[in-house]
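Here is a briefing on one protein model and its ligand. Look over the sequence and the structure first, then read the points below.

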Amino acid sequence: MKTIVVLTGAGMSAESGVKTFRDSDGLWNNYRIEEVASPVAWERDPEMVLEFYNQRRKQLFEVEPNAGHKALVKLEEKFNVQIITQNVDDLHERAGSSNVLHLHGELKKARSTVDPSLVYTLDHWELKLGDKCEKGSQLRPHIVWFGESVDMIGPAVEIISGADMVIVIGTSMVVYPAAGLLHYVKDEVPKYYIDPKAFQVHGVSNLLILRKKAGEGVPFLVDQLLKQA
Ligand code: OAD
């Protein structure tokens, strides 16, 4: 079975009602990254940081996977599908995808501030000051903040290096190291980029662009690939 690696970003979940970061109505137009998504922010105002992620988490409990997420599940009928997502939502999992690697953490998880190996799945949206791990320290969102290392990049490089085909969906490809992942894919491997603002990525060959929304572009491409397989 051929391996298709799918790299997704915020645009994947946009039609589910989750805001992207850098579009005109994106989150980073309303919040300053350094005030809500950095270790400095956590030091300075943990309550504000918790509230920012609480609002995101609350919304996540209210939204559903869209046609794009569902089409990727169908792709598993004939391919080994590995998803690498920059998204912190769980919409790929809820749609039914089997292999999902989260590069930037997971919104529905919290972790200890003294022992990063203590990670807890939340069944409610609100994480508060005073919520503690079993060692007695404050819990923080299980999110990779700006300035923190992306620990999952090693496994992601390994996965994408072995791809027979790559599909990039709904990402502005500006945040590293995620944006550098395409450079680990062999030149001859076919690559697709589905995003209304998709562009030819410098130094990446065999890249076919579909300037469409995920909800339309992904089911279309998946149908084609399943027919050809
Ligand atoms: P961005 O907000 O930078 O980019 C979103 C992309 O989605 C843009 O290229 C849009 O054109 C595209 N888009 C919008 N609607 C779409 C739709 N319906 N279908 C398909 N594409 C659509 O989001 P990311 O590239 O995911 O990191 O941003 C990367 C990282 O920056 C995020 O993981 C986050 C952020 O800061 C952290 O929080 C650590």
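Ser-16 is buried, because its relative accessible area is 13%, under the 20% cut-off. The model is predicted.

**Ser-16 and its surroundings**

- Ser-16 sits in the loop that runs between helix H1 (11-14) and H2.
- Its side chain makes a polar contact with the side chain of Asn-66, at 3.2 Å.
- Leaving out residues up to four places away in sequence, Ser-16 touches Val-63, Glu-64, Pro-65, Asn-66, His-69 and Leu-91.

**The ligand site**

- The ligand is surrounded by 23 residues.
- Phe-21, Arg-22, Thr-171, Ser-172 and Asp-195 are the closest.
- By class, the shell holds nine nonpolar, eight polar and six charged residues.
- Arg-22 places a backbone N or O atom 2.7 Å from an oxygen atom of the ligand.
- His-104 uses its side chain: an N or O atom there is 2.8 Å from a ligand oxygen atom.
- Thr-171 also uses its side chain, with an N or O atom 2.7 Å from an oxygen atom of the ligand.
- The ligand taken alone exposes 790 Å², and the protein buries 93% of that.

**Helix H5**

- Helix H5 covers residues 46-60 and has 15 residues.
- From first C-alpha to last, H5 reaches 21 Å, close to the 21 Å expected at 1.5 Å a residue.
- The buried residues of H5 are Val-49, Leu-50, Phe-52, Tyr-53, Asn-54, Arg-56, Arg-57 and Leu-60.
- On the helix side, these buried residues pack against H2 (27-30), H3 (33-36), H4 (39-44) and H7 (91-95).
- On the strand side, they pack against E4 (105-112) and E6 (139-143).

**The loop between E7 and E8**

- A cis peptide bond joins Tyr-176 and Pro-177, with omega at about 10 degrees.
- Pro-177 lies in the loop between strand E7 (165-169) and strand E8 (191-194).
- Met-173 is also placed in the loop between E7 and E8.
- Met-173 is not a glycine, yet its phi is positive, at about 55 degrees.
- Met-173 counts as buried because its relative accessibility is 8%, under the 20% cut-off.

**Asn-206**

- Asn-206 is in the loop between E8 and strand E9 (207-210).
- Its phi is near 60 degrees, a positive value in a residue other than glycine.
- Asn-206 counts as partly exposed because its relative accessibility is 47%, which falls between the 20% and 50% cut-offs.

**Pro-155**

- Pro-155 lies in helix H8, residues 153-161.
- Its relative accessibility is 35%, so Pro-155 counts as partly exposed.
- Pro-155 and Leu-103 are 52 residues apart in sequence.
- In space, the C-alpha atoms of Pro-155 and Leu-103 are 9.5 Å apart.

Methods. Residues are numbered from 1 along each chain as its sequence is written. This is a predicted model: local features need pLDDT of at least 70, side-chain atom pairs count only at pLDDT 80 or more; totals for chains, interfaces and linings use all residues. Side-chain values use heavy atoms; hydrogens and water are left out. A residue is near a molecule or strand if one of its heavy atoms lies within 4 Å of it. A polar contact is a pair of N or O atoms within 3.5 Å; within protein, one must be able to donate a hydrogen and the other to accept it, and residues adjacent in sequence count only if both atoms are side-chain atoms. Accessible areas come from the Shrake-Rupley method with a 1.4 Å probe; for residues, only the protein chains shown count as cover. Ala, Val, Leu, Ile, Met, Phe, Trp, Tyr, Cys and Pro count as nonpolar, Asp, Glu, Lys and Arg as charged, and the others, Gly among them, as polar. Helices (H or I, at least four residues) and strands (E, at least two) are DSSP runs, numbered from the N terminus. The expected span of a helix is 1.5 Å times one less than its number of residues. Buried means under 20% relative accessible area, exposed over 50%, partly exposed in between (1.4 Å probe, protein chains only). Contact means heavy atoms within 4.5 Å.
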